[in-house]
Amino acid sequence: MIKLYYHPISFPSLGPVFAAEAMEVTYEKEVVDLQAGQQSSPEYLEINPYGKVPAMKNGDFTMSESAAIMRYLARKAGSEFYPENIEAQAEIDQWIDFVNHHIRSAVARVQFNRFVAPMIGADIDESSVQTGLGFLKSNLPIIENRLSENAFLCGDTMTLADIALIAALEPEKTARLDLSAYSKLSAWLGTRRTETFYTNVHSHFGAEMGI
Ligand SMILES: N[C@@H](CCC(=O)N[C@@H](CS)C(=O)NCC(=O)O)C(=O)O
């Protein structure tokens with residue numbers, strides 16, 4: 001049985017969980033308690049030597065990196081979320097990379113300083129927040145434009161690229177992101193968050209932690 005190791009407020013680790021749900025993969029999930037340092041325990045380092053979530057175990061096979069895990073799950077399931085056609089895969093890969101490099105990393109800066117740092121008593125770096133918000137201001141219009149032209153990032157149906165985007169924008173509320181300028185994206189996210197693949201995981205980001 002496929003096991004996904006994750007933490008509910010690690011938005012990178014929600015990508016594989018949402019993907020597994022959306023593709024109806026049979027899996028189980030296990031929370032790695034990041035606050036207790038479980039990611040550095042000898043047992044967990046056996047699964048992911050880099051000490052991060054997410055990770056995946058299927059029999060003797062283990063791996064990490066959210067986007068790679070999502071692709072593995074899709075290939076195993078033979079899912080149309082990552083079709084066999086290599087041009088279709090290339091387009092999905094392009095948008096996964098765009099989302100992870102240009103959106104998720106910017107959200108992470110804002111989320112860390114506005115939400116995680118106060119929670120763990122770390123210093124808040126306001127210049128990092130401004131850098132993150134600047135990246136989002138440059139890059140979210142590209143997503144907005146894409147979703148104005150297509151129902152999903154890569155056309156008419158949902159793919160792994162959309163799952164990556166949904167996961168990347170999970171901290172919308174906790175990072176106090178203002179997405180109101182992006183009406184298509186906001187409506188799109190609102191709809192996605194009512195869908196079974198999402199509600200099977202949680203009602204909203206942070207719900208598991210009482211946030
Ligand atoms: N590139 C990785 C990022 C994973 C990552 O940064 N995970 C964080 C949580 S969001 C983590 O496990 N941090 C624990 C630590 O560094 O101790 C992916 O996409 O899977």
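User: How are α1 and α6 oriented to each other, and why?

Analyst: Ground rules come first. This is a predicted model: local features need pLDDT of at least 70, side-chain atom pairs count only at pLDDT 80 or more, and totals for chains, interfaces and linings use all residues. Residues are numbered from 1 along each chain as its sequence is written.
Helices (H or I, at least four residues) and strands (E, at least two) are DSSP runs, numbered from the N terminus. An axis is a line fitted to C-alpha atoms, for helices over the stretch in contact, and angles run from 0 to 180 degrees between N-to-C directions. Under 35 degrees counts as roughly parallel, over 145 as roughly antiparallel, 65 to 115 as roughly perpendicular, and the rest as oblique.
Now the case. Helix α1 (residues 11-22) and helix α6 (residues 160-168) have axes that come within 8 Å and cross at roughly 140°. α1 and α6 are therefore oblique to each other.

User: What is the handedness of the crossing of α1 and α6?

Analyst: Look at the near helix against the far one. If the near helix is turned anticlockwise by less than a right angle, the crossing is left-handed; if clockwise, right-handed. The α1 and α6 crossing is right-handed.

User: Which residues make that contact?

Analyst: Two residues are in contact if their C-beta atoms, placed from the backbone, lie within 7 Å. From α1 come Phe-11, Pro-12, Leu-14, Gly-15, Phe-18, Ala-19 and Ala-22. From α6 come Leu-160, Ile-163, Ala-164, Ile-166, Ala-167 and Ala-168.
Then sort by class. Ala, Val, Leu, Ile, Met, Phe, Trp, Tyr, Cys and Pro count as nonpolar, Asp, Glu, Lys and Arg as charged, and the others, Gly among them, as polar. The contact of α1 with α6 has twelve nonpolar, one polar and no charged residues.

User: How do α3 and α6 cross?

Analyst: The axes of α3 and α6 come within 11 Å and cross at roughly 140°. They are therefore oblique to each other. α3 passes α6 in a right-handed crossing. Ala-67, Met-70, Arg-71 and Ala-74 of α3 meet Leu-160, Ile-163 and Ala-164 of α6. That contact of α3 with α6 has six nonpolar residues, no polar and one charged.

User: Where are the domains, and what lies on the side of domain 1 that touches domain 2?

Analyst: Start with the bounds, which come from an automatic or database domain assignment. Domain 1 covers 2-77 and domain 2 covers 86-199. Their centres, taken over C-alpha atoms, are separated by 20 Å. Twelve residues from domain 1 and 13 residues from domain 2 make the contact.
On the domain 1 side, α1 and α3 (66-77) are the elements that give two or more residues. α1 gives the most, with eight residues. By class, this side has nine nonpolar, one polar and two charged residues.

User: What backbone geometry do Val-53, Pro-54 and Glu-65 have?

Analyst: Read omega for the peptide bond and phi for the residue. The bond from Val-53 to Pro-54 is cis, with omega near 5°. Pro-54 sits in the loop between α2 (42-47) and β3 (55-58). Glu-65 has a positive phi of about 80°, although it is not a glycine. Glu-65 lies in the loop between β4 (61-64) and α3.
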